[in-house]
Amino acid sequence: MRLDIRRSLMNDPWFLSGALLGLVLAFLAGAGPWLAQYNPHDMRFPPFTPPSSDHWLGINDGGMDIFSELLYGMRNTVWFGLATGVSALCIGVLVGMACAWFRGVTDQVLMRLAEILLAIPAVMILILAAAFFRPSSWMLSMVLAALSWPTIAKAVRAQALVVRKTLHIQAARQMGASGGYILLRHMVPELFPLYLIGFAAKARMAMFMEASLSFLGLFDPSRKSLGMMIRYALPYYYLDIWWNWLLPPIFCLTLLIMSVTFLAVSLEKVFDPRLKEAL
Amino acid sequence: MESVMRQKRKRIRRLPQVLAYGLAALAMLYASYSLPRWLPGDFVTAMYASSHVTLNAEQEAELRAYYTQQKRFGRYLADFFSLQWGYSYAFLSPVVRLIREALPWTLLLLGGAHLLSMCLGFLAGVEAAWRRGSALEKAGVGSMTFLEGIPEIGTAVILFLVFSLHLGWFPAAGSETVYLERSGAQRLLDVLHHLALPFLTLFLAYLPGNFLLSRGSMVMVLKAQFIETARAKGLPPLRIRYAHAARNALLPMVTRFGLRIAFMVTGALVVETIYAYPGLGTLLFNAIAVRDLPLIQGIVLFSSLVILLVNLALEFLYGWIDPRVKHAS
């Protein structure tokens, strides 16, 4: 069955293009500090210099090399997405498993909490927190994760309740396996596809939010980010520099969001048994 | 991702859901009440020193008093519901008035784009599911998935550069031409002319989600036995498609709405800002740029409560679309 899934993933053009794009962008983001010739905070170049062999995308209004900025910005956006995705996933799996395993009061309390969090628009809390406290981007990513785990927890809980009743879990229990052993060795690996779906969805949301909120100026202004580059380039759209300053960050951001979206769509399609029949 | 079983259980527990919205609203209000009280030291000086707004001594004292007053939460709630949301020192105007001026434009833009994209997306999704496997359907799913991957910032800037700057077909900012007395019809045309680009951007951003979601659920519904029965009875295809199937395919769109709203609001903020459309998003952008705390707080709280209300209304709409809910509860 696992092999089946791998084959259908490999045959899905959306998965392939998403993964390919993702790998290229991840390489650019990961190797950013080595690929960039200049420090993106270095302000000693003449502003508004057009692209040349020294500065591939020219210089911005503050005298900084745009290409280096682009690499660092992409790196920050990617990290923000991954960090939020991983944290939301961890909380979600923990809560979902706890609900399915302990049931009763634990389940009731945690699920009610999840419903309340689902109803709260996370953007608004983020804006409020960012405007008042100006926290680091890591802090904001943790806040976003703390607000966005409920969907993962609900999916994990529903599936874990089903798995709990299966024969091999019953057998393990009969043989006297402890709760922790069953959870770690049987339940957690069993739900594997759900994690990928949840992670991809959350990482996508987080990258989208990071770009939008940094565009709105809610992140630390000294932190390079694609959204902030767009924000600073936009007032100069009437100059003839939009194609080397405004478009590259937009292009990178679009490719990034596209890659995660394709992965998310394809994973959901392949792993969700109901949808698999549908597509 | 929601299984049919879970949806059924969800339908039965509607009252707790309503309660959850109430608690969420209360949590938002409490966060907005308590956050400024956690701020360290003399934040008024720190915040406004780094913004472009200069306060005179009197205004600064007033602002500090506003944020350090020992107000009970109950009093805060009473003030909130009697629309005393503070005073914006950047715009020199009460927060309520600023929000009231911006709100109609946001409603027009966001509400309009959402309704249109939902109707068209749903119709297209239903038709696509009906023609499953055809070339047209495959092209539709492909292009919509592609479109789903483009963030609003990208679409907005590109459309702006092409149609506003390069071709000059549409105005670059604002919601209507100012200082111009016009008759009703001409004014309407002017407003629509300004609305076109931001509206198109948001429409393009919302459409793929609606299309893919309704297509997916419609495909599932078309497999149900009652559709088989309807076919066997010899009902006309149009009747099967809309009277029998589409109504059931509508449900996931309503339940998913709450999850998608975070994306929608964030996107709308960006789009309004890029086109300088005078709605709540641009107001919030300007408030953030000058660190106008009372205004930020007011907009955030107001829009959160509106979002919660919309969700609550949908919860009831859900019961109306699906009579089974009413019988279950």
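Biologist: Among contacts in chain A between residues at least 6 apart in sequence, what percentage joins residues at least 24 apart?

Modeller: The share is 70%, taken over the contacts in chain A whose residues are at least 6 apart. Please keep in mind throughout that this is a predicted model. In chain B, residues 24 or more positions apart account for 75% of the contacts with a separation of 6 or more.

Biologist: What confidence does the predictor give to the complex?

Modeller: The complex has an ipTM of 0.82 and a pTM of 0.85. For chain B, the mean pLDDT is 81, and 87% of the residues of chain B reach 70 or more.

Biologist: How many helices and strands does chain A have, and how many are there in chain B?

Modeller: Chain A comes to 14 helices and 0 strands, and the pattern along its sequence is accordingly written α-α-α-α-α-α-α-α-α-α-α-α-α-α. In chain B there are 14 helices and 2 strands.

Biologist: What are the rough dimensions of chain A, and what percentage of its residues is buried?

Modeller: Along the principal axes, the C-alpha atoms of chain A fill a box of roughly 75 × 45 × 30 Å. Of the 279 residues in chain A, 48% are buried. For chain B, the corresponding figure is 38% of 329 residues.

Biologist: How are two packed helices described?

Modeller: The description consists of the angle between their axes and the distance between the axes. In chain A, the axes of α4(A) and of α7(A), residues 137-148, come within 8 Å and cross at roughly 40°. The crossing in which α4(A) passes α7(A) is right-handed.

Biologist: How many residues does each chain bring to the contact of chain A with chain B?

Modeller: Chain A brings 47 residues and chain B brings 50 residues. On the side of chain A, the elements that each supply at least two residues are α5, α6 (122-133), α8 (150-164), α11 (192-215), α12 (226-233), α13 (242-271) and α14 (273-278). The greatest contribution on that side comes from α13(A), with 11 residues. The residues of this side divide into 36 nonpolar, 6 polar and 5 charged.

Biologist: Where does A276(B) lie, and what is its phi?

Modeller: A276(B) belongs to the loop between α11 (237-274) and α12 (280-289) of chain B. Its phi is about 50°, positive although A276(B) is not a glycine.

Biologist: Why does R103(A) count as partly exposed, and why does A276(B)?

Modeller: The class follows from the number of C-beta neighbours: 20 or more make a residue buried, and 12 or fewer make it exposed. R103(A) has 13 C-beta neighbours inside 10 Å and therefore counts as partly exposed. A276(B) is partly exposed because it has 16 such neighbours inside 10 Å.

How values were computed
Residues numbered from 1 in each chain as written. Chains lettered and ligands numbered in written order. Predicted model: local features only at pLDDT ≥ 70, side-chain atom pairs only at ≥ 80, totals over all residues. Helix = DSSP H or I, 4+ residues; strand = E, 2+ residues; numbered from the N terminus. Contact = placed C-beta atoms within 7 Å. Axes fitted to C-alpha atoms, helices over the stretch in contact; angles between N-to-C directions. Left-handed = near helix turned anticlockwise from the far one by under 90°. Nonpolar A, V, L, I, M, F, W, Y, C, P; charged D, E, K, R; others polar. pLDDT = per-residue confidence, 0-100.
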